[in-house]
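Reader: I want to know what stands behind each label here. Take me through the terms and the values.

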Amino acid sequence: MHYTHDPIFPKKFMWGASSSAWQVEGAVNEDGRSDAIIDLNSKKKKPYTDNSIAADHYHRYKEDVKLMAEAGFSSYRFSIAWPRIFPNDSGIPNQKGIDFYNNLINELIKHNIEPLVTLYHYDMPVWVDEKFNGWYDRGIIEKFDEFVRTCFKAFGDRVKYWHSINEQNMQICYGEWLGICKNKDTWFEDKWKVNHIMNMCHAKAVVACHELVEDGKIGPIPGYVPIYPYSSHPDDQIAAMNAEELTEKVWNDLYAFRKYNGFIQSYWRENNINPGIQDGDMELIAQANIDFFALNCYRSNTAKACGIDEEPQEYLLNKSGVKGNLIFPKVPGLYQLTHNPYVEYTDWDWEIDPVSMRYMLRYVWDHYQLPMMITENGLGKYDKVTDDGKVHDQDRIEFLKDQIYQVGLAIMDGCDVISYNPWSFTDILSTGNGMAKRYGLVYINTTDEEVLDLRRIPKDSYYWYANLIKSNGENWG
Ligand code: BGP
């Protein structure tokens, strides 16, 4: 629909920003925390810095929460590091780890900021990885259950919004890049077994949340990349639907309808894949009734038909930050992704496409009719402090303005959206590009080459966002 006025946001809409433990906290070996697999992986991504210090949020969370409060935040999305709570297999939680999150949660609540808490955001403890070969062994299901139950018991009196697993779909689709694939040669089949085990962990978390947290609500966080057909050719439309299934819908249908959809069952049959479903599994999944969808959305993709005789091509993300280095995937007989001539691209070749935000919210609402919150959205770019001591990130302001406007339009279109939390509050470590690729509303004074004073410098986008949210989405600046 076309509107003759700016969007109107609901009165209780929650405005905040987002982070994840391994990317923001630092202090990786302090107060009993043991190593996570992602710590070790971050050390391999030279020339970028690793996560041992990151934004030093572990020591500076009070200062960070104060900045959130000054900007008028009503929510903050963060994650809990599993190796801080269970540094080893003793079954005894680490009190100092629990204390840290208690302090952070209390600080947020003191400032009327609703904690939105993600249970798993890539920081698998090394001991879990060694014992269960990552997500490959079903033994992890009970350990995950132990971890999430401990979190619900420790924090559930104050935390009412929970997320199970961050971007399970992305971890499966890009298993090598995100470090969960252990054997490239067998990943084509293994990924569905691993995925089923992750689904069981997700289901355990949903069931335990409802059992242990009074008024607790929980949802998954798919990494969402809306897919458009390249042309009105009917084959391109089906290709877009295939891509949608194999990168998103298979997961979202499972979360919402609590069973594997017909498309994936047919795909497994045709490819002789055994996803490792055991007796009783689907009964547990059937009980895992989610309360909302949390959505991470940065970009869109465009798909076109791919003949069965084409050479397969893996998705090669741009890791250098020099435009033109991304290679789109080809999945013969199903789809290929391609360049979209109608949108701009970031230095990392991510589509800049605000309308995809409205499209995604409409799509998810139409399919699942569940409330939605945005847990990630943002512009990764090079930022620098200028001679006046400030960070002028006008392009980020334009990016956020356009994206948030589309969230507003989706709300006007009838979608139930309850919260918006862009990535990220402060600059934090990027998945593959250290501190070089920055997303924050607040600059962290440090670089990949040397650790500086880690001073917090609110960027122009921080002030712009503060004005917008203090007016509940009326003052666009
Ligand atoms: C999401 C992840 C985040 C974050 C973000 C930006 O998929 O949930 O952890 O890193 O992407 O990605 P990147 O850091 O690669 O630019």
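Author: With seven residues, α10 gives the most to the lining of the second largest pocket. This is a predicted model, where local features need pLDDT of at least 70, side-chain atom pairs need 80 or more, and totals for chains, interfaces and linings use all residues. Residues are numbered from 1 along each chain as its sequence is written, and side-chain values use heavy atoms, without hydrogens and water.

Reader: What makes a residue part of the lining of the second largest pocket?

Author: An atom within 4 Å of a pocket point. The points sit on a 1 Å grid over the protein atoms alone; a pocket is an open set with protein on both sides within 12 Å along at least five of seven lines. Here 13 residues line the second largest pocket. Gln237, Ala240, Met241, Glu244 and Tyr363 lie nearest its centre. β7 (227-229), α10 and α13 (355-368) each give two or more residues to this lining. The pocket has a volume of about 210 Å³, counted as the space filled by probe spheres set on the points.

Reader: And the largest pocket: how many residues line it, and which lie nearest its centre?

Author: The lining has 28 residues, with Cys173, Trp187, Lys191, Glu314 and Tyr315 nearest the centre. The space is about 880 Å³. α9 gives the most to this lining, with four residues. By class the lining has 19 nonpolar, three polar and six charged residues.

Reader: Turn to α11. Why are its buried residues said to be on the same side?

Author: The buried residues of α11 (residues 262-270) are Ile264, Tyr267 and Trp268. They cover an arc of only 95° around the axis, so they share one side of α11. The arc is taken from the directions from the helix axis to the C-beta atoms. Buried means under 20% relative accessible area, and exposed over 50% (1.4 Å probe, protein chains only). Gly262, Arg269 and Glu270 are exposed on the other side of α11.

Reader: What covers the buried residues of α11?

Author: The cover includes α9 and α10, where contact means heavy atoms within 4.5 Å.

Reader: What makes asparagine 261 a cap for α11?

Author: A side-chain oxygen of asparagine 261 lies 3.2 Å from the backbone nitrogen of phenylalanine 263, at the N-terminal end of α11. A polar contact is a pair of N or O atoms within 3.5 Å, one able to donate a hydrogen and the other to accept it. So the 3.2 Å pair falls within the cut-off.

Reader: Which residue takes a positive phi just after α11?

Author: Asparagine 272, with a phi of about 50°.

Note on methods. 1 Å grid on protein atoms, 1.4 Å probe; cavity = no way out; pocket = protein on both sides within 12 Å on 5 of 7 lines; lining within 4 Å. Nonpolar A, V, L, I, M, F, W, Y, C, P; charged D, E, K, R; others polar.
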